[in-house]
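This report looks at two parts of one protein model. Please keep the sequence and the 3D view open while reading.

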Amino acid sequence: MSIQQENRFQAIISHAKEYGFVFPSSEIYDGLSAVYDYGPYGSELKKNIRDYWWKSMTQMHENIVGIDAAIFMHPTTWKASGHVDNFSDPMIDNKDSKKRYRVDHLLEAHAEKLREIGEEKEADELLQIMDALLAKEDYAGLKKLIDDNKIACGISGTANWTDIRQFNLMFKTEFGAVASDNPDDNIVYLRPETAQGIFVNFLNVQKTARLKIPFGIAQVGKAFRNEIVARQFIFRMREFEQMEMQFFIRPGTQKEWYEYWKEERLKWHLSLGIPREKYQFHNHSKLAHYADAALDIEYQFPIGFKEVEGIHSRTDFDLGNHQKYSGKKLTYFDNEINQHYVPYVIETSIGLDRMFLLILSHSYDEETILKEDGSKDSRVVLRIPEKIAPIKLAVLPLVKKDGLPEIARSIVSDCRPYFKCFYEEKDAIGRRYRRQDAIGTPFCVTVDHQTKEDGTVTLRYRDTMQQERIHQDEIKNKLQHLLLF
Ligand code: GAP
C-alpha cells in the first residue's frame with residue numbers, strides 16, 4: 001500500500017469514528033480486536049445497504065424468497081457441511097514474537113512490498129507460485145517459499161518460523177446448563193456462514209412457498225469466524241454480517257446459472273453508481289471444499305483490489321451431505337422431466353460490513369473548493385449513493401426566529417414518513433452544510449425570509465453544491481423521484 005493510500009485509508013477510519021459511523025467495540029475497555037460497533041449514521045447506512053440488497057433479491061425476483069434462520073444450529077450441521085473438518089486456514093507462527101499469520105496473507109503482504117519497490121514481475125510470480133502450492137495443499141512447498149523469500153515477522157523482525165499447520169476458524173460455545181461427562185455433548189458453534197440455515201430449511205421453504213426450480217432463498221445475518229489475521233478495520237472481522245442467496249437449480253445447468261449470477265451481481269454493484277473499472281473478477285484456483293467453480297468480485301479498496309463478494313457453484317455438496325447425515329430425504333421432484341434429484345446450488349455471498357467499507361471508500365472525498373472571490377476552501381464530503389444515504393434531507397432554517405423554524409419543522413413533518421429527514425437550526429448555514437456533507441446527506445433545504453413571502457426554499461445538492469429555488473410543496477415529490485430504487 002502506498003503512503004497516499006495508507007493515509008486515505010486512515011482518514012476514512014478516523015472520519016467513520018468522528019462522524020458516528022463505526023466505533024471500536026467496547027472502546028472504554030480499549031476495544032476488542034476485529035470487533036466493531038455501528039453508530040447512529042453507520043447503523044442507518046448499514047440498514048440501507050441491507051434493505052437495498054434484500055429488495056433487489058426478493059422483491060425484484062419473483063422466484064427468490066427470504067428466511068431468517070437462527071444463529072445456533074444443530075452441531076451435526078457443521079459436520080455435514082464440512083466446516084468441522086475443512087474450515088481451516090494454513091497458519092504459521094513466528095517462534096520469537098509468538099505471532100500467528102495466515103500463510104497466504106503473509107505472502108500477499110510480501111508481494112505488496114515487492115510492488116512498492118517496483119518489482120511487479122517478481123510479485124506476480126510469487127503469487128502465482130503461492131496459488132499453485134495452495135491448490136495442491138503443499139505446505140512444505142509454501143514453507144520453503146517463505147524461507148526462500150526471507151520473509152520476516154513484522155513484530156520480531158526474524159524469519160524464525162514454525163511448520164505450517166491448519167487452524168479451524170469456528171467459535172465454539174456451550175449449550176444448555178446440563179453438565180455432561182463428555183464436554184463435546186454440549187458444544188454448539190456460532191455459525192461461520194449463514195448459508196447452512198438455508199440448506200437445512202430447503203424443503204420447508206420449497207413446500208410452504210410452493211416454489212419450482214429454479215428458485216432462490218435469501219438470508220441476511222450474523223456470522224462468526226475466529227480470524228487469525230484480523231486487521232484492516234471492518235474488512236476482516238470476527239463478528240460480521242453476510243447477505244447470502246442460494247439458488248437451487250437442475251443438475252447440469254450450473255455453468256449457465258453461475259455466469260448469470262456473476263453478471264447479475266456485478267450489475268447490482270454498478271446500479272449504485274460505482275464505476276466498472278473499480279471492479280474485477282478473480283477466479284479461484286484453490287476451491288473451497290464444497291465448490292466446483294468459484295470467483296470473487298473484487299473492489300479496489302484503498303488497501304488494493306480485495307474480495308467483496310463470492311459467487312460459488314456449490315454442486316449438490318451441502319444438500320447431499322445433509323441428506324446423508326440427517327437420514328432425511330432432501331430431493332425435489334421436477335415434473336417437467338419427471339425426475340427426483342438433489343438440486344445443485346449457485347451461491348451469491350456478500351459481506352454487509354465489507355460492502356459498507358466499499359461504500360465509504362467510494363464516497364470519501366477531500367475536496368478543494370475555489371470560491372467566487374478566488375480564495376480556496378476545503379470540505380470532506382461523503383458522496384454516498386443517494387438511495388442508501390443515512391439521511392436523505394436536512395431542513396435548515398436560516399435563523400432560529402421570525403417564524404422560520406416553524407416552516408422548517410412543517411416541511412420535516414411532511415417529508416418524514418417518506419424518507420429520513422434531519423432538522424438543525426444551530427450554527428451558521430455554511431457550517432451546517434459542511435456537517436451534512438460529512439455524513440453524506442444528498443439534499444439540504446434552507447428556509448429563509450423569502451419563504452415567508454412566496455413559499456419557496458433553497459434546495460442544495462451535496463455533490464455539486466449547486467442550489468435552486470423550488471416551492472416547498474414540491475420538495476417531497478421531487479426527492480421521492482430522485483431517491484427512487
Ligand atoms: N457461504 C460462503 C461464504 O461464506 P466466503 O467467501 O467465506 O463464502 C463470503 O464469505 C463473503 O463474506 C466474503 O466475500 C466477504 O465479503 C464476507 N466475509 C467473509 N469473512 C469475513 C470477515 N472475517 N469479515 C468481514 N466479512 C467477511
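The model is predicted. In it, three strands form an open sheet with antiparallel pairing, in the order S5-S4-S6. S5 and S6 stand at the edges with a single partner strand each, so one side of each has no neighbour in the sheet. On average, neighbouring strands of this sheet are turned by 50° against each other, direction ignored. The strands have these residue ranges:

| Strand | Residues |
|---|---|
| S4 | residues 88-93 |
| S5 | residues 100-102 |
| S6 | residues 165-168 |

Between S4 and S5, the antiparallel pairing runs over three bridges. Arginine 102 lies in S5, and methionine 91 stands opposite arginine 102.

Is arginine 102 buried or exposed? Its relative accessibility is 12%. Buried means under 20%, so arginine 102 counts as buried. The side chain of arginine 102 also makes a polar contact of 3.3 Å with the side chain of aspartate 89.

By type, the lining of the second largest pocket divides into eight nonpolar, seven charged and two polar residues.

Methods: Residues numbered from 1 in each chain as written. Predicted model: local features only at pLDDT ≥ 70, side-chain atom pairs only at ≥ 80, totals over all residues. Heavy atoms only, no water. Nonpolar A, V, L, I, M, F, W, Y, C, P; charged D, E, K, R; others polar. Helix = DSSP H or I, 4+ residues; strand = E, 2+ residues; numbered from the N terminus. Buried < 20%, exposed > 50% of the residue type's maximum accessible area, 1.4 Å probe, protein only. Polar contact = N/O pair within 3.5 Å; in protein donor to acceptor, adjacent residues only side chain to side chain. Pairing = 2+ DSSP bridges. Axes fitted to C-alpha atoms, helices over the stretch in contact; angles between N-to-C directions.
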